[in-house]
Amino acid sequence: MSHPSASTSTTTAPGGLMAYRTIDIVTAATLGVAFGVAFWGWNQLYLLIANISVFAFPPSGGLLGGPWLIAGVVGGLVVRRPGAAVATEVIAAFVSGMLGNQWGFSVLVSGLLEGLGVELVLAVLLYRRFGLVVAMLAGACAGVFESVYEWYSYYPDWDLGYRLAHLGFFALSGALVAGLGGWVLVRGLARTGALDAFGPGREHHQRHAS
Amino acid sequence: MTRPEARQHQLRGAVLRANPLVLLAAGLLVVPGSFAVRSLPIGLVALGAYLLAGVVLLPSLRPALGRLGVVMLASVMVVYSTWLLGGHEVDTALTAGVRVLVLALPGAVLAVYVDPSRLADELGQRLGLPARFVVATSAALQRFDQLGQTWQHLDRARRARGFGPSRNPVRTFGYAASLTFALLVSALRGATQMSIAMDARGFADAHRRTWAEPVVWTVEDSALLCLGIALAALPVILYAL
Amino acid sequence: MTPARAALRGFGWQPLGRRAPVLTGLDLAIEPGERLLLTGPSGSGKSTILRALAGVLGASVPGEVSGAVEVDARIGLLLQNPGDAVVAARIGRDVAFGPENAAMAREEIWRRVRESLAAIGMPYALEHPTQALSGGELQRLALAGVLALEPGLLLLDEPTSMLDAANAEGVRRAVLAVVAQTGASLLVVEHHVAPWLAHVDRVVVLGADGHITADTSPQELACMDPAALAGDGVWMPGLPAPTPLDLPATLVRPRHAPLPLRAESLAVELRTRTMRGPVTTPALRGVDAELAGAAVTAFTGPSGAGKSTLAAALAGLLVPVAGRVVAPEPAWHRWRPRDRAAQVGWVPQNAEHGFLTSRVCHEVVVTANRLGVEVDVGETLEAVGLSHLADANPYQLSGGEQRRLAIVAALAHRPPVLLLDEPTVGQDRDTWAAVVGWAMSAARAGAAVGVASHDPALAAASDHEVTLERGRVAIR
């Protein structure tokens, strides 16, 4: 498979895969908290748009789901160790739950499932591939997990066609906003030097050294 | 002999004193429990039971009412969408709305009373989660206020430079993306400094570490946990009947 | 605890992504109980030496190490930014972090926590929230956290550069008391040399190329030519304040006359979102202040007095709870960001907070483009010494370069009112001269300039001073 970053997004985490350094743990946790803050910030900006979209055609609400999946994608792409995606997404969910969102603690279940969706894709590739396609697959997978969970928790009475539409929108949004968006975000962060201790930072410097 | 008001005072303090694991469990148990809300009467009874427990046990109803408002919004959206896409059946739609209230309200309200630091102690000592992960997460959570302030400063700096949110969704999206990016840079810089400070205090090799404070589990915690289980089981039992 | 001996032998360091090493072949030894002050211009590698001795290079800070690092006892590291080291919600648990990592028993942990907090003179109970501490208190808390592990060598990385004079003095006193009490060796890195001189045994000066240019006693240092030792960057004792840059009027002359901005019984509350809910703190209570045209007005006062809040409110970035900032209709804070930006330029305290693009040259024009104003990018960057970085990523610049970029990014469109928030904090002399030079040149060309600062040299260079205390005007 060839995609723009196949040659350069393959740096594995230093040491063994499970040899979490302090900076790995602290960064995954801090990204989780920062996304929790960002979720809250977006809420202030987005509440209006969300309601309009949902009232027009409810399954399209899935389209707005992508942003909430991005924490896991970014955590996974940056730290590149098993569990980092789940940890980042669950911590972000915990923070938004503590701030009082409309889903209560079920947001923790959502966070766990979304993180697992990302983790599944990264694990299948043995934590060796972190390119654009991988990121989009991970985002889409997170969207599928979350959508299926919402079928049972929020929309069990929707007709199957609409539920599938919701799933499709959610996966699409996951791939584009969380996957593509997360990948672009990590690239941008690598350019700032803030990721020098991680794979994306090292790859950035390799690209510019050659 | 206990005077009634003293007993009431004790009851109302229970949630404040409660072990954060109990609060978390009560908020999470209701998630599977709510799946059993298959008819309006089951939903109303389950919701009523939670409301009753809230009125008796919460020290103050004000934060609860604030969070009820947010959850109501989600509930209304679900009622509408279920009515529209579930065959225009009012009864089904209302049931779905009540299900969301049962699902979300207990956790949303109990979150007000969870102390993250105490929760970290419990997760590390009682549940035996890996200590370094728990401690680092707890440390990162201390950064919440600081990151919230950073968000405000970023917003200020953008407005000063002539950019701000507007009614145009595309522009607002770009604005949110710009703020988020800058927030993450700031968070990552902080994370690097924090790791340096933590490693200088021996965190890197702390695979076996001790905890300065013990965790306690009281009879009251057991009672509250039983209540949480009973409340979550109520719709399941009603459905089975 | 035994005082540590520490040494770097043939030490070199090349950070990830740099073509040239920051340090090469450096030899430096600290004897047990010695108190050493290390200084030098920005980028000379002072902080690298500290991080090397602390053993964190390579792990959290990626790059290549060469040579040897020898330390024969436990070290304690204090970082520049207050709050970077906070790991817990309450001060007792925060200090307990080190002993917990060392797997000590509970009684031992709390004995050490109490002793450490007493040693640095923390006036609060163990349950006191860390969030409620000031910058100076946070630095002292970090010192207590370090002390709890009974280090033989204390490493301090510009521990007072972000603090006002009173807080800095408090931190310095705490450090010196601890060193006197424990006998630990001490290595302090500082830009501002004078306050430490009386308390150290030895001064090492690094040149811009990372080599030692002087290794001497404080007494002998006084006899040397300060400028020759470290170039113009370091705040050596005996040097007068740097001469502010004189910028060409074409870069700073306001495009039109300044609005006569005036705060009238202005009251502002700062609202922050914490995990437990929103918290409101009063920051200004009935302030009257005026920004005069063609002059620099300094807002001074201790930390928390409301200097920065006043500057932001005058820039229209905060909503008053009472009183107002007098400006043409509508209410000043309701102006559209774009319209207000044409009137006022505001420079945030943290330079990184204001960056909007991924290239330095774009950063200079982004506001100007929004307003349809022409800017000569080449000349602007040249004026503040950033020409060679035009294509760099703003986030990759050093602290001083970022500060200078923040100034031109916020002000290149030549607004008639300038508001700068703590623009000189932690800066070396060159950047100081550029920042203060921009403010003074703009004022000479007719702009109304306001500066929130606890820097006495900047206050001395300004035309008017408004001193604040607890949100009110103290002296006029």
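Tutor: A charge sits over a ring if NZ of Lys or CZ of Arg is within 6 Å of the ring centre and within 35 degrees of the ring normal. In this predicted model, B:Arg132 meets that rule, lying over the face of B:Phe203 at 5.5 Å from the ring centre. In chain C, the charged end of C:Arg172 is placed over the ring of C:Trp196, 5.9 Å from the centre.

Two notes on conventions come next. Residues are numbered from 1 along each chain as its sequence is written, while chains are lettered from A and ligands numbered from 1 in the order in which they are written. Local features need pLDDT of at least 70, side-chain atom pairs count only at pLDDT 80 or more, and totals for chains, interfaces and linings use all residues; side-chain values use heavy atoms, with hydrogens and water left out.

Rings can also pair with each other. Rings of Phe, Tyr and Trp (its six-membered ring) pair if their centres lie within 6.5 Å, and the planes make the pair stacked if under 30 degrees apart, edge-to-face if over 60 and tilted otherwise. Over all chains there are 10 aromatic pairs. One of them joins A:Phe39 and A:Trp68: the planes stand at 75° and the centres are 5.0 Å apart, so this pair is edge-to-face. The pair links distant parts of the chain, 29 residues apart, with A:Phe39 in helix H1 of chain A and A:Trp68 in the loop between H1 and helix H2 (70–79). Helices here are DSSP runs (H or I, at least four residues), as are strands (E, at least two), numbered from the N terminus.

Burial uses relative accessible area: buried is under 20%, exposed over 50%, partly exposed in between (1.4 Å probe, protein chains only). A:Phe39 is buried at 4%, whereas A:Trp68 is partly exposed at 31%. Together with A:Phe35, A:Phe39 and A:Trp68 make up one aromatic cluster.

A:Tyr155 and A:Trp158 give a stacked pair, because their planes are at 25° and their centres 4.1 Å apart. A:Tyr155 is buried, with 12% relative accessible area, and A:Trp158 is buried too, at 2%.

A nonpolar core is a set of buried Ala, Val, Leu, Ile, Met, Phe, Trp, Tyr and Cys residues joined through side-chain atoms within 4.5 Å. The largest core has 163 residues, and A:Phe35, C:Trp438 and C:Val449 touch the most other members. Helix H1 (residues 22–56) of chain A gives the largest share of this core, 14 residues. Chain B takes part as well: domain 1 (3–114 + 217–240) and domain 2 (117–200) each supply at least three residues. Those bounds come from an automatic or database domain assignment.

Contact means heavy atoms within 4.5 Å. Setting aside neighbours within four places in sequence, C:Trp438 has contacts that include C:Leu247, C:Leu251, C:Val252, C:Ile407 and C:Leu411. A second, separate core holds 80 residues, among them C:Ala85, C:Ala168, C:Val171 and C:Val178.

C:Glu422 is in the loop between strand S15 (417–421) and helix H15 (429–444) of chain C. C:Glu422 is not a glycine, yet its phi is positive, near 45°. C:Glu422 is also buried, with a relative accessible area of 5%.
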